Structures are given as structure tokens and as C-alpha cells.
Amino acid sequence: MRKVFQAELHQVGEELIQIATLVREALAKSKEALFDADIQLAEEVISNDARIDFLQNDLDERSIDILALQSPVASDLRMIVGALRMSASLERMGDLARHLAQLVRLRYPQQVIPESLVPTFTRMIDLDLQIVERVISVLQTRDLSLADDIYALKGEINTLHQSVFEALAAPDWDSSVPTAVDVTLCSRYLERIGDHGVSVTRKVAYLVTGDWVPASADRPTGHGHIGTDA
């Protein structure tokens with residue numbers, strides 16, 4: 001019976017990695033769709049999000065069954081509870097990548113991001129992709145030395161997020177109101193993807209160490225300190 005239990009726990013871990021890998025794929029495709037105004041790729045991201053949702057539901061049902069039938073304790077219980085929370089964060093990251101693709105579809109054939117902000121948004125998405133890559137590695141290896149990299153990447157995203165609002169408020173901003181709304185939404189989506197990546201990392205740390213980090217520590221500020229979540 002114990003071997004079956006361990007196999008079920010292993011499957012939960014593998015499904016988390018699978019979801020995170022699909023999130024990485026969705027975000028990479030959303031990046032390409034966003035900057036190339038590629039409607040077909042945007043539609044692909046939107047339709048493929050259902051796969052992430054399915055896997056999250058499957059993982060959650062599997063985890064609840066384990067809780068009900070196996071009565072796990074100690075580290076095994078942390079694994080199941082942590083997996084339930086991590087799956088929600090990963091699913092939300094997939095949703096945010098889908099939101100980017102939906103903006104591409106909404107504005108097609110026009111570009112969503114004005115040319116002046118393309119470098120900023122390119123960097124933000126690249127930073128999020130690096131976070132997702134490291135989250136996958138953390139899930140695979142439980143190597144907490146990657147956590148500092150993730151927090152530093154998130155700090156840079158926060159700085160860029162703030163710079164977007166500064167650009168919108170600058171006297172020389174001359175784009176339309178819909179463009180300003182799109183830019184604001186895109187920046188928020190990318191900032192939140194990073195937040196969820198940090199949240200998953202914190203939960204893996206909890207699984208490894210048993211030490212819980214408060215939710216208020218899940219969002220590093222642009223200055224490298226720990227801020228509160230709004």
C-alpha cells in the first residue's frame with residue numbers, strides 16, 4: 001500500500017511540472033503573438049489553456065483523493081496541501097498568458113504595444129520566462145538555491161512595471177486611451193505572472209524545510225526588499 005501511496009505522490013509532482021511546462025510554452029507563444037500581431041498563434045494560446053485547466057482539475061482531484069484515502073501526515077501532508085496551492089498559482093499563470101493572447105486577438109491587426117514600450121515589454125516577458133524556467137527546475141530538483149534568482153528577477157519586473165506607469169504619466173505620452181488601457185493590462189499581467197512564480201517557489205521551500213513564509217513575503221519590491229501583496 002505504501003508503494004501505491006508514493007507512486008501517487010510522485011504523479012502529483014509530475015503533473016505540477018507538466019502544468020508549469022505548458023505555462024512556459026503558453027507564455028513564449030504569447031510573446032511571439034504580442035510582438036508579431038500573430039492572430040493564429042494567439043488563438044492557439046487561448047485554446048490550449050483548456051489543457052492547463054484540465055490538468056489542474058485532475059491534480060486537485062487526485063490530491064483530494066489522497067487526503068481522503070491515505071490520511072498522509074508530516075511531509076507527505078505538506079506535499080499534498082502545497083500541491084493544491086501550487087496548482088492554483090500555475091493555472092493562474094496560464095490564464096494570464098491567455099489574457100495577453102486575447103489582447104492580441106482584440107486589437108488585430110494593430111499592435112497592442114506601442115513601439116516606444118516594446119523594449120520594456122520584451123524584457124518583462126523574458127524575465128517572466130526565466131522565472132518559469134527556474135520554477136520548473138525548482139519543482140524538478142527542490143534546489144532552493146534557485147529561489148534567490150527568482151526573487152531578483154521579480155524585483156526587476158517590479159521596476160519595469162513601475163516604469164510603464166511613469167511612461168503613461170509622462171507629458172510626451174501621445175497614444176490613445178485604448179492603447180493606454182492595453183499597456184496597463186499587459187504590464188499588470190506580466191507582473192502577476194512573476195508574483196505567482198515567487199509564490200510557487202515559496203511553497204516548494206515550505207515542502208523542503210517545513211518553514212512557512214507568510215503571504216506578505218511573496219512579493220519582492222523593485223528595490224529588492226520584501227513587500228506586501230495588494
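1. Helices here are DSSP runs of H or I with at least four residues, strands are E runs of at least two, and both are numbered from the N terminus. Arg192 sits in helix 6 (residues 177-209). Arg192 is buried, with a relative accessible area of 19%; buried means under 20%, exposed over 50%, and partly exposed in between (1.4 Å probe, protein chains only). The Arg192 side chain makes a polar contact with the side chain of Asp195 at 2.7 Å. A polar contact is a pair of N or O atoms within 3.5 Å; within protein, one must be able to donate a hydrogen and the other to accept it, and residues adjacent in sequence count only if both atoms are side-chain atoms.

2. Basis. The model is predicted: local features need pLDDT of at least 70, side-chain atom pairs count only at pLDDT 80 or more, and totals for chains, interfaces and linings use all residues. Residues are numbered from 1 along each chain as its sequence is written, and side-chain values use heavy atoms, with hydrogens and water left out.

3. Annotation. UniProt, in an unreviewed entry, lists "domain: PhoU" at residues 17-104 and 122-202. Its positions follow the numbering used here, feature names are shortened, and annotations may be inferred rather than shown by experiment. Residues 17-104 are 94% helix and 0% strand, with end C-alpha atoms 28 Å apart. Residues 122-202 are 85% helix and 0% strand, with ends 26 Å apart.

4. Core. A nonpolar core is a set of buried Ala, Val, Leu, Ile, Met, Phe, Trp, Tyr and Cys residues joined through side-chain atoms within 4.5 Å. The largest one has 67 residues; Leu90, Ile113, Phe121 and Leu139 touch the most other members. Helices 1 to 6 each supply at least two of its residues. Helix 1 gives the largest share, 13 residues. Beyond neighbours within four places in sequence, Leu90 has contacts (heavy atoms within 4.5 Å) that include Leu16, Val23, Leu139 and Val200.

5. Helix 4. The expected span is 1.5 Å times one less than the number of residues. For the 24 residues of helix 4 that gives 34 Å, and the end C-alpha atoms are 34 Å apart, which agrees.

6. Backbone checks. Most residues other than glycine have a negative phi, and most peptide bonds are trans. Ala37, in the loop between helix 1 and helix 2, has a positive phi of about 50° and is buried at 13%. The Tyr108 to Pro109 peptide bond is cis, omega near 10°, and Pro109 lies in the loop between helix 3 and helix 4.
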